[in-house]
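Have the viewer ready and follow along.

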Amino acid sequence: MTRAEIACFVSLLRPRATALLAAGVWVLAAVLAAPAAAQPQGAPISFADLADQLLPTVVNISTTQVVERGDQEDFEEMFREFFERRGQGAPPPRRRANSLGSGFIIDPEGYVVTNNHVIAEADTVEVVLSDDTTYEAEIIGSDPETDLALLKVNPTSPLPSTIWGNSNSVRVGDWVLAVGNPFGLGGSVTAGIVSARGRDINAGPYDDFLQTDAAINRGNSGGPMFNLDGEVIGINTAIFSPSGGSIGIGFAVPSAIAQNVIDSLRRFGEVRRGWLGVRIQTVTEELAGELALPPPATGAYVANVIDGGPAQSAGIVQGDVIITFDDRPVADTRGLVRMVAETSVGRDVDVVIWREGSRQTMQVNLGQRDAEALAAAAPPPPDPEEVRDLPALGLSLGVMTDERRETFALEEGVGGVIVTEVDSGGSAEEKGLQPGDVIVEVDQERVATPDEVESYVEQAREAERRSLTLLVYRGGEYQWIVLRIGQG
């Protein structure tokens with residue numbers, strides 16, 4: 001190609017190249033100008049602006065408790081010599097114990113949320129604002145089952161306050177801020193992410209904690225966990241730590257639970273929880289098969305219906321499986337207990353059950369859970385000396401007592417129901433059970449009395465099942481045994 005031909009080719013190409021370059025610049029500009037919401041959200045460059053906004057809404061909680069002399073023997077012994085040397089005689093008969101925690105303001109009028117364990121048994125409670133203004137607080141109410149409490153101070157002017165967020169929309173990996181009073185160092189801010197949801201740490205019947213790696217230490221209890229919109233999505237309540245300091249595992253009561261509890265405390269001075277009036281157990285794989293429950297084969301099996309309760313009035317009977325409650329799927333018993341407790345007393349709720357191979361919808365008017373009434377309605381504790389014969393299983397069972405534990409050389413930590421006798425030729429003998437064996441679980445549910453075992457036998461019969469699965473302890477080892485249900 002000659003120079004003239006090359007020059008001609010370049011002259012033809014130059015306008016197209018310019019146009020392509022211009023288009024590329026336009027596309028790049030469009031990308032840069034795209035709304036921030038369209039881009040993945042990450043950590044901000046700094047949390048400082050958010051911290052400035054939130055710090056005034058978080059308070060320190062200081063409590064004082066008078067400890068009587070009878071409760072402080074160790075204290076007296078430790079300082080007796082000190083007092084005697086100073087010629088002051090014995091230690092004073094009373095002393096004051098102080099504790100520190102955190103809280104946050106939910107209303108400019110002076111309502112403050114904290115943990116129940118922060119103020120439990122306190123004689124006086126003080127709330128210290130971020131500007132060191134101190135108010136004496138009144139305890140409006142508390143709820144040990146969720147470890148929450150509501151306080152009231154009387155400010156001279158409206159206080160800065162927080163707003164509740166929706167913890168149900170929180171995802172694992174979302175950024176959070178924890179603000180509180182760790183080790184008495186008020187106004188401390190830490191950042192982290194939500195590490196997990198739905199944690200059960202055996203703190204109470206309604207455990208559904210958010211887990212975070214934001215540093216939470218002693219004194220953070222009762223403080224808020226914020227999302228990046230500055231909304232309270234949790235109340236920092238507990239940590240897992242062998243040393244007592246943060247190792248990146250903290251737990252917060254989600255706002256979905258806390259908000260209902262606090263609203264009830266504010267309105268009534270107590271928590272009024274919904275009550276269904278059933279005793280339930282989780283649906284096992286074997287039970288789902290016996291009931292022909294379709295996938296995902298989850299729910300809560302109705303083991304018993306309490307006389308006069310809301311479930312009985314709605315037509316729910318023993319042997320039904322509760323699949324959904326108020327349009328929410330029921331995964332297990334713990335989930336159903338929490339759903340019912342969170343629902344307003346007196347509300348009509350649709351409950352979908354599985355009965356005899358088909359779905360049915362029942363409308364239940366929820367009652368109020370009354371712990372004292374439920375306790376009164378509960379069966380009396382078993383007679384430790386009583387032995388229950390269960391011919392259907394071919395054995396006799398007794399309650400675990402110190403005497404029986406010693407007789408059968410059982411370790412202190414072993415719990416369950418003791419096999420006291422095995423019938424010759426019965427189902428239990430066929431499977432090799434013997435006196436001294438301990439039945440720990442029946443169909444993956446723990447048992448502590450012969451009555452509970454007998455109840456599972458009756459439930460299995462009503463469901464037309466032919467066997468039970470037992471977890472049996474013997475000689476330091478556990479084993480699963482499938483026991484045939486006889487005609488006895």
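A charge counts as sitting over a ring if NZ of Lys or CZ of Arg is within 6 Å of the ring centre and within 35 degrees of the ring normal. Lysine 152 does this with tyrosine 111, lying over its face at 5.4 Å from the ring centre. Arginine 272 lies over the face of phenylalanine 268, at 3.9 Å from the ring centre. Please keep in mind that this is a predicted model.

**The chain as a whole**

The chain has 488 residues, and 43% of them are buried. Its secondary structure comprises twelve helices and 28 strands. Among contacts between residues at least 6 apart in sequence, 60% join residues at least 24 apart.

**Rings that meet**

How many aromatic pairs does the structure hold? There are three, and two of them are described here. The rings of phenylalanine 104 and tryptophan 164 have planes at 80 degrees, so this pair is edge-to-face. Phenylalanine 104 belongs to strand 2 (residues 94–107), while tryptophan 164 sits in the loop between strand 7 (148–152) and strand 8 (175–180), so the pair ties together parts that are 60 residues apart in sequence. Both phenylalanine 104 and tryptophan 164 are buried.

Phenylalanine 209 and phenylalanine 251 also form an edge-to-face pair. Phenylalanine 209 comes from strand 10 (residues 209–212) and phenylalanine 251 from strand 13 (residues 250–254), so this pair ties together parts that are 42 residues apart in sequence.

| Pair | Centre to centre | Angle between planes |
|---|---|---|
| Phenylalanine 104 and tryptophan 164 | 5.9 Å | 80 degrees |
| Phenylalanine 209 and phenylalanine 251 | 6.2 Å | 65 degrees |

**The enclosed space**

Now for the cavity. The count comes to one cavity of 30 Å³ or more, and about 30 Å³ of space lies in the largest cavity. Which residues line the largest cavity? They are Gln281, Leu287, Tyr301, Asp443, Tyr456, Gln459, Ala460 and Arg465. By class, this lining has four nonpolar, two polar and two charged residues. Helix 12 (residues 450–462) gives the most to the lining, with three residues.

Notes:
Residues numbered from 1 in each chain as written. Predicted model: local features only at pLDDT ≥ 70, side-chain atom pairs only at ≥ 80, totals over all residues. Heavy atoms only, no water. Phe/Tyr/Trp six-rings, centres within 6.5 Å; stacked < 30°, edge-to-face > 60°. Helix = DSSP H or I, 4+ residues; strand = E, 2+ residues; numbered from the N terminus. Buried < 20%, exposed > 50% of the residue type's maximum accessible area, 1.4 Å probe, protein only. 1 Å grid on protein atoms, 1.4 Å probe; cavity = no way out; pocket = protein on both sides within 12 Å on 5 of 7 lines; lining within 4 Å. Points joined across faces, edges and corners; volume = space filled by probe spheres on them. Nonpolar A, V, L, I, M, F, W, Y, C, P; charged D, E, K, R; others polar. Contact = heavy atoms within 4.5 Å.
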